[in-house]
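My notebook is open, and I am going to look up a few things in this model and jot them down as I go. Here is the structure I worked from.

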Amino acid sequence: EDDHYPGALKIGYTTGDPAERVKQQYPIITPGPIPYRIVMTERAMRNDGTTFTDKAVHRKLQEWGVMNPAGEWYECRVEQVRSAVL
């Protein structure tokens with residue numbers, strides 16, 4: 001979640017620590033609380049051991065008609081993201 005896209009979640013992928021990746025995307029420190037909150041992290045691995053990226057999750061959300069206001073931002077709930085991952 002981010003104050004710039006209310007009601008939207010950023011669906012991203014990293015091979016490293018998610019918290020560190022988000023910090024890289026918000027390099028400027030401002031007074032007050034941080035402008036984002038990590039609401040879900042999940043391994044991008046199927047039961048058979050193969051992997052996938054955020055693009056597969058993006059495609060599934062788009063198939064379901066989830067609005068995509070910008071880049072990796074989707075107007076959805078965490079439960080929808082979890083279902084897309086599964």
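**Helix H1 and its charged pair**

I began with Glu-20 and Lys-23, which both sit in helix H1 (residues 18-25), 3 residues apart, about one turn of the helix. Helices here are DSSP runs of H or I with at least four residues, strands are runs of E with at least two, and both are numbered from the N terminus. Glu-20 and Lys-23 form a salt bridge, with the closest N and O atoms 3.6 Å apart. By salt bridge I mean a side-chain nitrogen of Lys or Arg within 4 Å of a carboxyl oxygen of Asp or Glu. Glu-20 is partly exposed at a relative accessible area of 43%, and Lys-23 is partly exposed at 47%. My cut-offs are under 20% relative accessible area for buried, over 50% for exposed and partly exposed in between, with a 1.4 Å probe and protein chains only. Gln-24, also in helix H1, is exposed, with a relative accessible area of 53%.

A note on the source: this is a predicted model, in which local features need pLDDT of at least 70 and side-chain atom pairs count only at pLDDT 80 or more, while totals for chains, interfaces and linings use all residues. Residues are numbered from 1 along each chain as its sequence is written, and side-chain values use heavy atoms, with hydrogens and water left out.

**The overall layout**

Next I stepped back to the whole protein. I noted 3 helices and 2 strands, running β-α-α-β-α from the N terminus on. Along the principal axes, the C-alpha atoms fill a box of roughly 45 × 30 × 20 Å. Of the 86 residues, 23% are buried. I also looked at contacts (heavy atoms within 4.5 Å). Among those between residues at least 6 apart in sequence, 56% join residues at least 24 apart.

**Other salt bridges**

How many salt bridges does the structure hold? I found 5. One of them joins Lys-10 to Glu-72, with the closest N and O atoms 2.6 Å apart. This pair links distant parts of the chain, 62 residues apart: Lys-10 belongs to strand E1, and Glu-72 to the loop between H2 and strand E2 (73-74). Lys-10 is partly exposed at 33% relative accessible area, and Glu-72 is partly exposed at 21%.

Another salt bridge pairs Lys-55 with Asp-54, where the closest N and O atoms are 4.0 Å apart. Lys-55 is partly exposed at 45%.

**Asp-54**

Is Asp-54 buried or exposed? Asp-54 is buried, with a relative accessible area of 8%. I placed Asp-54 in helix H2. Leaving out residues up to four places away in sequence, Asp-54 touches Ile-11, Gly-12, Tyr-13 and Glu-72. So I have Glu-72 listed both as a contact of Asp-54 and as the salt-bridge partner of Lys-10, by the definition of a salt bridge given above.

**The buried face of H3**

In helix H3 (residues 78-85), I marked Val-78, Val-81, Ala-84 and Val-85 as buried. Seen down the axis of H3, the buried residues fall within an arc of 120°, so they line one face of the helix. That arc is taken from the directions from the helix axis to the C-beta atoms. The cover over these buried residues includes strand E1 (9-10) and helix H2 (54-63).

**The largest pocket**

I then turned to the largest pocket, which holds about 970 Å³ of space. The lining divides into 18 nonpolar, 8 polar and 8 charged residues.

For the method: on a 1 Å grid over the protein atoms alone, a pocket is an open set of points where a 1.4 Å probe fits, with protein on both sides within 12 Å along at least five of seven lines, and lining residues have an atom within 4 Å of a point.

**Ala-44**

My last entry is Ala-44, in the loop between H1 and H2. Beyond residues up to four places away in sequence, Ala-44 touches Tyr-13, Thr-50, Thr-51 and Phe-52. The C-alpha atoms of Ala-44 and Gln-24, 20 residues apart along the chain, are separated by 20 Å.

Note on methods:
Points joined across faces, edges and corners; volume = space filled by probe spheres on them. Nonpolar A, V, L, I, M, F, W, Y, C, P; charged D, E, K, R; others polar.
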